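This report concerns the salt bridges of a predicted model and the setting of one of its strands. The structure is shown first.

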Protein chains: 4
Amino acid sequence: MNKKIPVAILGANGSVGQRFIQLLEGHPWFEVRCLTGSDRSIGKPYKETCHWILPEKMPDAVRNMVIKENEAAGKECVVAFSAMPADQAKAVEPLLAAQGLAVVSNASAHRMDADVPILLPEVNPEHTALVNIQTANKKQKGFIVTNPNCTSTGLTVSLKPLLDTFGIKQVIAVSLQALSGAGYPGVASLDIIDNVVPFIKGEEEKVESEPLKMLGCFVQNQIQKANFVISAHTNRVAVTDGHTVCVSIKCDSSIKPEDAVEVMRSYQCPEISRELPSSPWPVIQVMDEVDRPQPRLDRAVGNGMTTIVGRVRVDPIMGLKYVVLSHNTIRGAAGGAIYNAELLVQQKLVG
Amino acid sequence: MNKKIPVAILGANGSVGQRFIQLLEGHPWFEVRCLTGSDRSIGKPYKETCHWILPEKMPDAVRNMVIKENEAAGKECVVAFSAMPADQAKAVEPLLAAQGLAVVSNASAHRMDADVPILLPEVNPEHTALVNIQTANKKQKGFIVTNPNCTSTGLTVSLKPLLDTFGIKQVIAVSLQALSGAGYPGVASLDIIDNVVPFIKGEEEKVESEPLKMLGCFVQNQIQKANFVISAHTNRVAVTDGHTVCVSIKCDSSIKPEDAVEVMRSYQCPEISRELPSSPWPVIQVMDEVDRPQPRLDRAVGNGMTTIVGRVRVDPIMGLKYVVLSHNTIRGAAGGAIYNAELLVQQKLVG
Amino acid sequence: MNKKIPVAILGANGSVGQRFIQLLEGHPWFEVRCLTGSDRSIGKPYKETCHWILPEKMPDAVRNMVIKENEAAGKECVVAFSAMPADQAKAVEPLLAAQGLAVVSNASAHRMDADVPILLPEVNPEHTALVNIQTANKKQKGFIVTNPNCTSTGLTVSLKPLLDTFGIKQVIAVSLQALSGAGYPGVASLDIIDNVVPFIKGEEEKVESEPLKMLGCFVQNQIQKANFVISAHTNRVAVTDGHTVCVSIKCDSSIKPEDAVEVMRSYQCPEISRELPSSPWPVIQVMDEVDRPQPRLDRAVGNGMTTIVGRVRVDPIMGLKYVVLSHNTIRGAAGGAIYNAELLVQQKLVG
Amino acid sequence: MNKKIPVAILGANGSVGQRFIQLLEGHPWFEVRCLTGSDRSIGKPYKETCHWILPEKMPDAVRNMVIKENEAAGKECVVAFSAMPADQAKAVEPLLAAQGLAVVSNASAHRMDADVPILLPEVNPEHTALVNIQTANKKQKGFIVTNPNCTSTGLTVSLKPLLDTFGIKQVIAVSLQALSGAGYPGVASLDIIDNVVPFIKGEEEKVESEPLKMLGCFVQNQIQKANFVISAHTNRVAVTDGHTVCVSIKCDSSIKPEDAVEVMRSYQCPEISRELPSSPWPVIQVMDEVDRPQPRLDRAVGNGMTTIVGRVRVDPIMGLKYVVLSHNTIRGAAGGAIYNAELLVQQKLVG
């Protein structure tokens, strides 16, 4: 792989767009060649259109890159990372796929389309089989793949080894979500200082459906969803990064906490996704301390790609309960999408 | 009731002790006559020993009141409001009861004693029947009554009308708790800024047991606990006052959200506790707004004595889910204890 | 005063508009008759257009009031309280004044106009003399009066007794300002959690000029500005309400801290503004505690109308330093404007 | 330098002690060999005595290291980094110096001793000349050097180029300080959520004196303090790390902001301290953005060792004003002390 793969970032000015740029700086396989943005920003250098909100410095390589129209991505790039709002992504992503691009999207618009996979490479890399279905359906070379909603991410990774070993019947998930999940400017400060907001629009529906698709099987050219039920409560709290989820779970058979810990700790990536540049290590870290994980202390484990679990214990109703933490803008958004693109390269679906 | 009843506050320097003093200022029935505190503070005027942390001004009546030993309460007062830490309360409260005092305690030490009631006057005023059992058992005039842990408070009030009408099988409760619940200095700021702590020592055990005692029946001279199971996850968040709880509940029969709303909205205090000075009005407020209740906006409803419910909706697993908010240092601590004492007066068990 | 004076609130949906409505509920002299808002909200009931963000309940009297165009205020009301953004206020307020209204504005647009007073009734009630100049200049019955920027408010009240007694040469003021000063949604939560923003657009210019106009003298039909210099640093911090300002001040002669405390404590409102419904009591509260005032504990003193001072001590360079706190949306915005309108009534310039 | 220098950390359990351990992991010159702590922790492995509060993982090398008495440091180590509280440091540090150790202290206890330097290697490396005076005075091999208080640190670095080029007459410094500056548990969360505390015990005295010693000259075997006056206001705000200081400064001659920016940007470390392992690069970063520096975004510049300046502009009273930010637990505490020890090695006063 002598030459890097040229990539575009759609919606480069937003908070997820910025995170794509930051994480792709110095990436061994990908090189940012094209940034797109709103009509107002087109034609201007990135450093002027972007209100950069990350502690990491804006990479020099993008400072003077001129914002282009989304269509430009198709001419110059092979992969388009989409950080667009869902309503724009709905129309734009299929157009770019039709132009031949691999659209690796963080947007929710096409996640539940039958021929679009929602990917977590450490969980369901075989779901990229949908890509061939999709390109055949659409009679085109390009395609769309997605990563899940940021709250579903850590939850799904933590469920995978339990599902594999013990089977799952029911999951009740209550989230305490970070502010960066709402983008920028996102949540008004007056709404969250000394406060909790017990509602996030559209979020509970996503958490109750996306994990079932990801944990499903690819059979007869389609995804057969996992056969259990999730109930979600989603809350916003005064945390910058890192979604915490309290999980109560009923498995097919009775399960001891120490067995749950054992299967989570020993869970490994499928071989195809194990040694990619963004592969998490460990995939799941299970903490023993009674008051962990905590977002400020633990969100950066594994460069923000690891799923962190703690407080695994008996639930008197469901059988098992625990807490799971995941970095929502790294593993749950830009970092996850980059990991997806790496998987596509590894599988020779791109490049 | 021409003459006010003299009351003591045990542990007057702490955050709950301060709230007692603030709420009792100008109370129509009670008059603060005695403040007790640690050995270090005994003999000094309250204004010098207390690091007052409430926005409301320290009442003039207590500024120069000299801190005494706990024993002094027995000589001067009829009621002792206890804001002591559990470990001190364990030994001291029975001693004061033996001296003839009505000890109305916020401490957890004696809540689960068989002859000590945990009281919420809008829920189980008939549990004061245990007082007679207790005084007979101990062969003394004085006694101990308690209010529940602050997280159990709002949860239990919200469960009462559901239990009465629909029966309850299972409850999963996930809390987002305020800092004041940990007292002062309590939670270190570095532990909670940009953070969540998914653990509070001893709290889940309390939430899983206290509501069952309160929602139980007084039969054959004892409390028969309610016959359902509670599972709790308890979390600390960056909120000053107001505990939020996400509740998933399975009733005996299938239940529509609008029916749950109806029984919560129409729930009334039992007559004996309906028109006391601290009676909440309404007992339960059910909000229609999709993103409420929120602690900063709603904790002060009904002077902090009302239980606020919102987001009543279908739970795909348990049948029903909702959010409940309660002011933890008012309804959940000092205000609740004062309401308990008013009930005792109304029932002529005091005064 | 049997009949209440009908008043309008311009820009009723915003955070200051909401505070006007909340503070005017049950006002003895004024009655809200007209609410105005953006084109999008006109014709709709207030409860539908307003995202109410105050802990106090939305008054029933306004819930179904239909939002109107600004021009409607002139037909139905005598006073228009303006909570409009400065850019809109620039054009609209003169139009309403031309219709005969007393426009009592919180907007900055016309504060520095030569014939428009910036009023703090406890400081410069005599500046309403500009009203007659203004109506004569414009040949109309209506007029505009303003209250200062919220950071200038507490600072100016605290400077007044020092200026009167000791004279002032120089003031260095460094603010730590609350989020509500930026309106709603205002400051993004990601910009202020675990952060400080050391810049507020246009704020330093206002703090360096408005107090000089307010502390000036009305001579020869105009305001002669106070003859000293202010230097300001303005910062945004994670506080909901209450602006804190650190002040270093050089007086004409050397001044002892205890003398400064004495003149601030004994400062009284001019007689004309002393017993109005919104008059602060005390005007200035000087605290002795070494770590006060603090916004969360002290902003509500005097119903949010009192100016709170603390830490009065020697400054090794300027001679004197202290901390001043003022509630920015009550004394510094809506409450201040209402107090101004009361002064106009008392002086028979209105009603 | 084949063999690393063995170092001890005194007070290893506290927040600064932890930062020493984290920053010394993999240090090219120093190796942690000894940890000391309170009587209660002596004899136990570090992982059991330390409530680790850093996001970075506790280094494996110290997890099982057994906590020892302070005296043990003298037997095994050459350098002792002191993170002890001032009151303990007062007695213990001289004892260890008497044993022959180079005590590199973060404590304030001995900073103002005439023969103890307060060091910032990028500012005053020549002040280590006091070490020889000290060892001669005390007739011993060991000695104490200190780093300044964390608020003085960034302020002093920013003042140095201005003093060198323009001379300084007066400085007014108003701080907005992070919580980690108070150690752990430090500030109670209830004291700082939705709040500002305008007082930090002992802090203003330090900020008004320490910079003058550091910016003084070593003449005739002693430090002659810089000949200007500092006035400080110190405030605590809800920030985890990073002290922000608003500075107003009067120089000997009038000074343009662009000239101040120029001398700060081009300021270089003295050659002796320029290429040490912890040398900041750049020493001072001056930002052009109107709303920077901000602690959350900028505190990690130069691995937390750079001093960041912004908003350099005219002060209408003092001539010049600006904002300076410095990471208080890295540059302002443990990182600064390590840099001091590196300077001592470079100057062959250690090793």
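A salt bridge is counted where a side-chain nitrogen of Lys or Arg lies within 4 Å of a carboxyl oxygen of Asp or Glu. By this rule, 56 salt bridges are found over all chains. Residues are numbered from 1 along each chain as its sequence is written, and chains are lettered from A in the order in which they are written. The model is predicted, with local features needing pLDDT of at least 70 and side-chain atom pairs counting only at pLDDT 80 or more, while totals for chains, interfaces and linings use all residues; side-chain values use heavy atoms, without hydrogens and water.

Three of these contacts are listed below.

| Pair | Closest N to O |
|---|---|
| A:Arg299 and B:Asp194 | 2.9 Å |

Helices (H or I, at least four residues) and strands (E, at least two) are DSSP runs, numbered from the N terminus. A:Arg313 lies in strand 12 of chain A and B:Glu204 in helix 8 of chain B, so this pair joins two chains. Buried denotes under 20% relative accessible area, exposed over 50%, and partly exposed in between (1.4 Å probe, protein chains only). A:Arg313 is buried at 15%, and B:Glu204 is buried at 8%. In chain D, D:Arg19 is buried at 6%, whereas D:Glu56 is partly exposed at 33%.

Seven of the eight residues of strand 9 (residues 229-236) of chain B are buried, so the rest of the structure largely encloses this strand. Strand 9 pairs with strand 6 (residues 168-177) of chain B in the parallel sense over eight bridges; pairing requires at least two DSSP bridges between two strands.
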